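This report looks at charged and aromatic side-chain contacts.

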Amino acid sequence: MSPTSEGATPGYLVWRLSTKWRVAVDRAVAPLGLTHAQYALVASLHGMRRAGQRPSQRQLADHTGLEPLYVSKLARALETAGLLERTRDPQDPRAVRLALTEEGSEVARRAIKVVQGLLQQLLEPLGGLDSERTRDFTRELALLLDTPLHADPEKEQS
């Protein structure tokens, strides 16, 4: 354990790991013209398309955990860069459907490969991507992500 981690709270460690990961992904995908947040969108769109989906901006926001307004802003920037197309949903004129362009698909494939390499490096201390420790860690992370958090100032005062 590093001196920074000794005696640290789980919240602090989650924050530090999240920050470490975001910075590493930002640096890794920058040569492809992406930020970490843009990577989250193109990688998610790539995976959703492979599953036969063409999500709306709202569905992509729900999938990524990003705010809908932020997804809209990112989608516009990716559209300007020629990596995705935004079209009105014929069934719901308020909804905007997203799809990767051919170039966007190629950038997504390259970025996913780069990020998978980073992920392997990150998980090496647990035995790598396919280890039992990593599977356990993944289940624990999913449990924490599935736990709702509600800030209730009145409960804190009691």
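Which side chain meets that of Arg86 in a salt bridge? It is the side chain of Glu79, with N to O at 3.4 Å. The model is predicted. Both partners are partly exposed: Arg86 has 24% relative accessibility, and Glu79 has 33%.

**Salt bridges**

The count comes to 8 salt bridges.

| Pair | N to O distance | Relative accessibility of each partner |
|---|---|---|
| Arg86 and Glu79 | 3.4 Å | Arg86 24%, Glu79 33% |
| Arg94 and Asp92 | 3.2 Å | Arg94 73%, Asp92 24% |
| Glu106 and Arg109 | 3.2 Å | Glu106 36%, Arg109 37% |

Take Arg94 and Asp92. Their closest N and O atoms are 3.2 Å apart. Asp92 is partly exposed, because its 24% lies between the 20% and 50% limits.

Now the third pair. The side chains of Glu106 and Arg109 form a salt bridge at 3.2 Å, N to O. Where do these two residues sit? They lie in helix H5, which covers residues 102-123. They are 3 residues apart, so about one helical turn separates them. Glu106 is partly exposed at 36% relative accessibility. Arg109 is partly exposed too, with a relative accessible area of 37%.

Some salt bridges share partners. These join Glu132, Arg135, Asp136 and Arg139 into one network.

**Aromatic contact**

How many aromatic pairs does a search of the whole structure find? The search returns 1. The pair is Tyr12 and Trp15, with ring centres 5.9 Å apart. Why does the pair count as tilted? The ring planes meet at 45°.

Tyr12 is partly exposed at 30% relative accessibility. Trp15 is exposed, because its relative accessible area of 52% is over 50%.

**In brief**

Glu132, Arg135, Asp136 and Arg139 form a network of salt bridges with shared partners.

Terms used. Residues are numbered from 1 along each chain as its sequence is written. This is a predicted model: local features need pLDDT of at least 70, side-chain atom pairs count only at pLDDT 80 or more; totals for chains, interfaces and linings use all residues. Side-chain values use heavy atoms; hydrogens and water are left out. A salt bridge is a side-chain nitrogen of Lys or Arg within 4 Å of a carboxyl oxygen of Asp or Glu. Buried means under 20% relative accessible area, exposed over 50%, partly exposed in between (1.4 Å probe, protein chains only). Helices (H or I, at least four residues) and strands (E, at least two) are DSSP runs, numbered from the N terminus. Rings of Phe, Tyr and Trp (its six-membered ring) pair if their centres lie within 6.5 Å; planes under 30 degrees apart count as stacked, over 60 as edge-to-face and the rest as tilted.
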